[in-house]
Amino acid sequence: MAQSPAHGSDHHDHHAAGHHDPQDLKLLGFWIFLVTDVIMFSTLFATFIVLRGGTDGGPTGAELLEINGIIISTFLLLTSSFTSGVAVLAMHQHKIKQMIIWLVITGLLGAGFLYLEIHEFLHLIGEGATLQTSAFWSSFFVLVGTHGVHVTVGLFWMISIIIQIVRRGLTDDTKGKVTVFSLYWHFLDAVWIFLLSIVYLMEVM
């Protein structure tokens, strides 16, 4: 009879060991997604490097890419990465209002980055550089455009997180989402640094 509590304790420990934290599972899912994204961007970068000389007698990147706009875009995205980190710090300090303000600032900076990217694309198309112009411009638009789509998805994701926090407050679920969003945003920042170096600086210089 004395063994019964111990048996019950063993059963409870076994049950606890078999229980998975939903936040841990979500984080694992995010890392798997990130690995697949790294593979995809690596493929796009490799494709660009192989095709960057294929302008088919058309305009080159050095002729059409404007570095001034790219510097402003880079400043906006790097700053937004910093502000997303500040939002996470505010979250850990349970300063919900400050966290939301920093997330909104992050979103505005991201929107500014997207505006400049769309403006750049329209300028390039106006100068005769399109997906069909050459292998170089095809790989350029696909690579830079894919990053832009990721930023757009990130902005909508962030808006939905802010709405959830306003409605439900700071729960384990919303905390997890803010943390994962910040990691995602830092990842996009890292991808942009590679884009800046390989696509823009190499072409212009």
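The dialogue below moves from the overall fold to the core, the aromatic rings, the salt bridges and the surface.

Modeller: Please keep in mind that this is a predicted model. Let us begin with the secondary structure.

Biologist: How many helices and strands does the protein chain have?

Modeller: The chain has seven helices and zero strands. Followed along the sequence, the pattern is α-α-α-α-α-α-α.

Biologist: What share of the contacts joins residues at least 24 apart in the protein chain?

Modeller: Taking contacts between residues at least 6 apart in sequence, 81% join residues at least 24 apart. As for burial, 40% of the 205 residues in the chain are buried. The accessible surface of the chain comes to about 11400 Å², and 70% of that area belongs to carbon and sulfur atoms.

Biologist: Which residues touch the most other members of the largest nonpolar core?

Modeller: A nonpolar core is a set of buried nonpolar residues joined through side-chain atoms within 4.5 Å. Here the largest one holds 50 residues, and Met-99, Trp-137, Phe-140 and Tyr-200 touch the most other members. Two or more residues each are given to this core by α2 (22-51), α4 (67-92), α5 (96-126), α6 (135-168) and α7 (172-204). The largest share, 14 residues, comes from α7.

Biologist: Which residues does Tyr-200 touch, leaving aside those up to four places away in sequence?

Modeller: With that exclusion, Tyr-200 touches Leu-65, Ile-70, Glu-120, Phe-140, Val-144, Trp-192 and Leu-195.

Biologist: Let us turn to the aromatic rings. How many aromatic pairs does a search of the whole structure find?

Modeller: The search finds 19 aromatic pairs. For each pair, one reads the distance between ring centres and the angle between planes, where an angle over 60 degrees counts as edge-to-face.

Biologist: What is the geometry of the pair formed by Trp-137 and Phe-140?

Modeller: Trp-137 and Phe-140 are also edge-to-face, with 5.2 Å centre to centre and 80° between the planes. These residues lie three residues apart in helix α6, so about one helical turn separates them. Trp-137 is buried, with a relative accessible area of 0%, and Phe-140 is buried with a value of 0%. Both belong to one aromatic cluster, formed by Phe-48, Phe-113, Phe-121, Phe-136, Trp-137, Phe-140, Phe-141, Trp-192 and Tyr-200.

Biologist: How should I read the charged side chains, and how many salt bridges does a search of the whole structure find?

Modeller: As a general idea, side chains of opposite charge can pair when their charged atoms come close. In this structure, the search finds three salt bridges. In one of them, Glu-203 pairs with Arg-52, and the closest N and O atoms are 2.9 Å apart. Glu-203 lies in helix α7 and Arg-52 in the loop between α2 and α3 (61-64), so the pair ties together parts that are 151 residues apart in sequence.

Biologist: Are Glu-203 and Arg-52 buried or partly exposed?

Modeller: Glu-203 is buried, at 11% relative accessible area, whereas Arg-52 is partly exposed, at 26%.

Biologist: Which residues are linked in a network of salt bridges?

Modeller: Arg-168, Asp-173 and Lys-177 are linked in such a network. Arg-168 and Asp-173 have their closest N and O atoms 2.8 Å apart, while for Asp-173 and Lys-177 the value is 3.3 Å. Asp-173 and Lys-177 both lie in helix α7, four residues apart, about one turn of the helix. Asp-173 is buried, with a relative accessible area of 16%. Arg-168 is partly exposed at 45%, and Lys-177 is partly exposed at 22%.

Biologist: Finally, which residues make the nonpolar surface patch of about 290 Å²?

Modeller: Leu-25, Leu-28 and Ile-32 make that patch. Leu-25, which lies in helix α2, is partly exposed with a relative accessible area of 48%.

How values were computed. Residues are numbered from 1 along each chain as its sequence is written. Side-chain values use heavy atoms; hydrogens and water are left out. Buried means under 20% relative accessible area, exposed over 50%, partly exposed in between (1.4 Å probe, protein chains only). Contact means heavy atoms within 4.5 Å. Accessible areas come from the Shrake-Rupley method with a 1.4 Å probe; for residues, only the protein chains shown count as cover. Patches are made of residues with over 30% relative accessible area and no salt bridge: like charges are joined within 9 Å, nonpolar side chains (Val, Leu, Ile, Met, Phe, Trp, Tyr) within 5 Å. A salt bridge is a side-chain nitrogen of Lys or Arg within 4 Å of a carboxyl oxygen of Asp or Glu. Rings of Phe, Tyr and Trp (its six-membered ring) pair if their centres lie within 6.5 Å; planes under 30 degrees apart count as stacked, over 60 as edge-to-face and the rest as tilted.
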